[in-house]
Amino acid sequence: MSNPNTMPTQKGILLRIWTVLWRPSARFSLATLVIFGGIGGILFWGGFNWAMESTNTLGFCTSCHEMRDTVYQEYKQSIHYKNQFGVRAICSDCHVPHQWIFKIRRKIQASNELLHKVLGTVGTPEKFEQHRQELAERVWATMKASNSRECRNCHSQDAMDIHKQSEAAQKVMAPGLKAGLTCIDCHQGIAHHLPKTAEDSEEEPKKQ
């Protein structure tokens with residue numbers, strides 16, 4: 001029977017591993033380790049960014065039926081999908097920050113959607129409508145908190161000529177800018193249907 005006192009402690013094991021990791025290699029030169037380490041770092045970084053960009057494509061965003069059968073169909077009817085300028089803004093342009101730090105944080109937050117995919121929270125159009133108000137308000141709050149950062153990737157106030165807008169738009173845009181409003185304050189239904197309010201439901205004629 002072994003003596004417990006002779007067994008290496010957990011601290012000793014960790015110290016031994018740390019020593020091995022930092023011990024100079026007798027087989028490879030320092031230059032070899034640096035070169036292969038650099039190549040490995042480049043491959044890792046390239047693969048990581050490739051995976052990040054792959055999850056930003058329209059095909060990826062609409063690959064699940066929860067999105068494909070609901071908000072994607074609404075988006076295809078919007079000016080962001082098809083317009084006279086031939087410029088298309090896809091899901092990630094509006095919902096994923098371009099700046100790297102904010103993008104990583106958004107990707108981590110989006111992992112929560114995998115849980116709800118498994119749970120089937122919005123697995124049917126009916127379930128999606130039940131949660132539309134909650135989902136919309138969450139997105140609106142995020143965009144408002146960032147001063148509509150993703151909108152401004154394309155719509156810069158400095159590059160905006162209000163005088164070339166329609167008369168109706170000019171009457172609303174100028175006072176809104178002076179009041180410090182952000183894009184999402186006025187353009188909540190630009191790409192997706194707005195949630196139905198209790199008043200909307202009451203106004204709908206009852207089915208016979």
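The legends below describe several close-up views of one predicted model.

Local features are described where pLDDT is at least 70 and side-chain atom pairs where it is 80 or more, while totals for chains, interfaces and linings use all residues of this predicted model. Residues are numbered from 1 along each chain as its sequence is written, and side-chain values use heavy atoms, with hydrogens and water left out.

**View 1. The chain as a whole contains 12 helices and zero strands.** Helices (H or I, at least four residues) and strands (E, at least two) are DSSP runs, numbered from the N terminus. Read from that end, the elements follow the order α-α-α-α-α-α-α-α-α-α-α-α. The chain has 208 residues, of which 18% count as buried; buried means under 20% relative accessible area, exposed means over 50%, and partly exposed lies in between (1.4 Å probe, protein chains only). Contact means heavy atoms within 4.5 Å. Among the contacts in the chain with a separation of 6 or more, 65% join residues 24 or more positions apart.

**View 2. Helix H7 (residues 100-110) meets helix H8 (residues 112-119).** Two packed helices are described by the angle between their axes and the distance between the axes. Here the axes come within 4 Å and cross at roughly 20°. The axes are lines fitted to C-alpha atoms, for helices over the stretch in contact, and angles run from 0 to 180 degrees between N-to-C directions. H7 and H8 are therefore roughly parallel to each other; this term covers angles under 35 degrees, whereas those over 145 are roughly antiparallel, 65 to 115 roughly perpendicular and the rest oblique. On the H7 side the contact involves Arg106, Ile108, Gln109 and Ala110, and on the H8 side Asn112, Glu113 and Leu114. These residues divide into three nonpolar, two polar and two charged (Ala, Val, Leu, Ile, Met, Phe, Trp, Tyr, Cys and Pro count as nonpolar, Asp, Glu, Lys and Arg as charged, and the others, Gly among them, as polar). Ala110 is partly exposed, at 22% relative accessibility.

**View 3. Tyr75 pairs with Tyr72 and with Tyr81.** The whole structure holds six aromatic pairs. Rings of Phe, Tyr and Trp (its six-membered ring) pair if their centres lie within 6.5 Å; planes under 30 degrees apart count as stacked, over 60 as edge-to-face and the rest as tilted. The ring centres of Tyr72 and Tyr75 are 6.2 Å apart and the planes lie at 35°, so this pair is tilted. Tyr72 and Tyr75 are three residues apart in helix H5 (residues 71-75), and about one helical turn therefore separates them. For Tyr75 and Tyr81, the centres are 5.2 Å apart and the planes at 80°, so that pair is edge-to-face. Tyr72 is buried; Tyr75 is buried with a relative accessible area of 4%, and Tyr81 is buried at 19%.

**View 4. Two arginines lie over aromatic rings.** A charge sits over a ring if NZ of Lys or CZ of Arg is within 6 Å of the ring centre and within 35 degrees of the ring normal. Arg88 lies over the face of Tyr81, 3.8 Å from the ring centre. The charged end of Arg149 is placed over the ring of Phe102, at 4.4 Å from its centre. Elsewhere, one aromatic cluster is formed by Phe44, Trp45, Phe48 and Trp100.

**View 5. Asn147 and Ser148 have positive phi values.** Asn147 is not a glycine, yet its phi is about 60°. Ser148, also a residue other than glycine, has a phi near 55°. Asn147 lies in the loop between helix H9 (125-145) and helix H10 (167-178), and Ser148 is placed in the loop between H9 and H10. Asn147 is partly exposed at 41% relative accessibility, whereas Ser148 is buried at 1%.

View 6. His192 belongs to the loop between helix H11 (183-186) and helix H12 (198-203), and it is partly exposed, with a relative accessible area of 27%. The C-alpha atoms of His192 and Lys76 are separated by 9.3 Å, although the residues are 116 apart along the chain.
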